Amino acid sequence: SIIVPNSNLITEPVKNWTHSDTMGRFTVHVSVAYDSDAEAVRVLLFQLAKAHPSVLTYPEPIVTLSKFGTYSLDFEIKGTVGDIFYGIFVASDLRMAILKAFREKGIVIPHPPVVGIDS
């Protein structure tokens, strides 16, 4: 998204970034439990991104450990698709593949503990 002040619409040329090239990037955020093997998670996420037929091989997708969350290790998958309008579907496909792969490998997506509930 580009925010253009109204005065710029009148006084300056407006750029349409998808006019001649529809290629675009997408990001998928993934959190795993702190006791997960971070390197194994990174490799798995990279393999899943590369395996999706709509994720371009150039530029190659990247997976980073983006932060140490309160309850999780937080990763990001960044990839490129040929048509940015399909990026949301590719991201959804990847999330579904991640859920399946995590279940198969016993990797846990954590959630905050429930507090304040008495038995």
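**View 1. Strands β1 and β3 run antiparallel and are joined by nine bridges.** Strand β3 covers residues 73-81, and β1 covers residues 24-32. Helices (H or I, at least four residues) and strands (E, at least two) are DSSP runs, numbered from the N terminus. Two strands count as paired if DSSP finds at least two bridges between them. Within this pair, V28 stands opposite I77 in β3, and G24 faces V81 of β3. This is a predicted model: local features need pLDDT of at least 70, side-chain atom pairs count only at pLDDT 80 or more, and totals for chains, interfaces and linings use all residues. Residues are numbered from 1 along each chain as its sequence is written, and side-chain values use heavy atoms, with hydrogens and water left out.

**View 2. Strands β2 and β3 form a hairpin through four residues.** The two strands run antiparallel, with six bridges between them. T64 of this pair is opposite E76 in β3.

**View 3. Three strands make an open sheet in the order β1-β3-β2.** The pairing is antiparallel. Strands β1 and β2 (62-68) are the edge strands, each pairing on one side only. On average, neighbouring strands of the sheet are turned by 25 degrees against each other, direction ignored. Axes are lines fitted to C-alpha atoms, for helices over the stretch in contact, and angles run from 0 to 180 degrees between N-to-C directions. Strands of a sheet pair through backbone hydrogen bonds, either parallel or antiparallel.

**View 4. Helices α2 and α3 lie against the sheet.** Helix α2 (residues 38-51) lies across β1, β2 and β3, at about 20 degrees to β3. Helix α3 (residues 87-105) touches β1 and β3, and its direction makes about 25 degrees with that of β1. Contact means heavy atoms within 4.5 Å.

**View 5. Strand β3 is largely enclosed by the rest of the structure, because eight of its nine residues are buried.** Buried means under 20% relative accessible area, exposed over 50%, and partly exposed in between (1.4 Å probe, protein chains only). Of the 119 residues of the chain, 29% count as buried.

**View 6. The chain has three helices and three strands.** From the N terminus on, the elements run α-β-α-β-β-α. Among contacts with a separation of 6 or more, 74% are between residues 24 or more positions apart. The chain exposes about 8600 Å², of which carbon and sulfur atoms supply 58%. Accessible areas come from the Shrake-Rupley method with a 1.4 Å probe; for residues, only the protein chains shown count as cover.
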